[in-house]
Amino acid sequence: QVQLVESGGGSVQAGGSLTLACAGSGYSDNSICMAWFRRAPGQEREGVAGIGSQGAPKYADSVKGRFTISQDNAKNTVYLQMNSLKLEDTAMYFCAARGSRLVLWSRVLDEAEYKYWGQGTQVTVSS
């Protein structure tokens, strides 16, 4: 049974940085690929950063140049380095995993592609 556990959320002032981590367990196949999503209060969940079939990262326009996703297959862990945080980055952040490395580039940040989900970690950015 695949399980994903996020950590690293918290409160930070605007302009600050946080690094989220998501540890996966219950699988040994390195083909599993992870991504980060978030849901702000009153809004739908949106894709933030994901890893495509060839290992290339894909980012939502709102976080390009500020967030970096990385995946350590040896540790079954994916990270989200968040810099220059803005008030609008306040949200519950979720990691997700899809069971196959193959995915259309256009769907890397589509939550329908992801089968496994963590419980989420809260990120709050204040002024």
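Analyst: Proline 57 counts as partly exposed, with a relative accessibility of 39%. On this scale, buried means under 20% relative accessible area, exposed means over 50%, and partly exposed is in between, with a 1.4 Å probe and protein chains only. Before going further, please keep in mind that this is a predicted model, in which local features need pLDDT of at least 70 and side-chain atom pairs count only at pLDDT 80 or more, while totals for chains, interfaces and linings use all residues. Residues are numbered from 1 along each chain as its sequence is written, and side-chain values use heavy atoms, leaving out hydrogens and water.

Proline 57 belongs to strand 6, which covers residues 57-59. Strands here are DSSP runs of E with at least two residues, helices are runs of H or I with at least four residues, and numbering goes from the N terminus. Setting aside residues up to four places away in sequence, proline 57 touches Gly50, Ile51, Ile69 and Trp105, where contact means heavy atoms within 4.5 Å.

Now let us step back to the whole chain. The protein chain has eleven strands and zero helices, so what you see on screen follows from how those strands are defined. The 127 residues would give a compact globule a radius of gyration near 14 Å, and the protein chain agrees, with 14 Å. That radius is taken over C-alpha atoms, and the globule rule is 2.2 Å times the number of residues to the power 0.38. Along the principal axes, the C-alpha atoms fill a box of roughly 40 × 25 × 25 Å. Of the 127 residues, 44% count as buried. Among the contacts with a separation of 6 or more, 64% are between residues 24 or more positions apart.

The chain's accessible surface is about 6400 Å², and carbon and sulfur atoms account for 47% of it; these areas come from the Shrake-Rupley method with a 1.4 Å probe, and for residues only the protein chains shown count as cover. As for charge, the mean positions of the 12 positive and 11 negative charges lie 3 Å apart. Lys and Arg count as positive and Asp and Glu as negative, without His or the chain ends, and each charge is placed at NZ of Lys, CZ of Arg, CG of Asp or CD of Glu.

The cysteines come next. A search of the whole structure finds one disulfide, defined as a pair of cysteine sulfur atoms within 2.5 Å. The bond joins cysteine 22 to cysteine 95, with 1.9 Å from S to S. Because cysteine 22 lies in strand 3 (residues 18-25) and cysteine 95 in strand 9 (residues 91-98), the pair ties together parts that are 73 residues apart in sequence. Cysteine 22 is buried at 0% relative accessible area, and cysteine 95 is buried at 0% too. Cysteine 33 is in no disulfide; its nearest cysteine sulfur, that of cysteine 22, is 13 Å away. Cysteine 33 is likewise buried at 0% relative accessibility.

The backbone has some details worth a look. Most residues other than glycine have a negative phi.

Finally, here are the ends of the chain. Glutamine 1 lies in the segment before strand 1 (3-7), is exposed at 80%, and contacts Ser25 and Gly26 beyond its neighbours within four places in sequence. Serine 126 belongs to strand 11 (residues 121-126) and is partly exposed at 33%. Leaving aside neighbours within four places in sequence, serine 126 contacts Val12, Gln13, Ala14 and Leu87; its C-alpha atom is 6.0 Å from that of leucine 87, 39 residues away in sequence.
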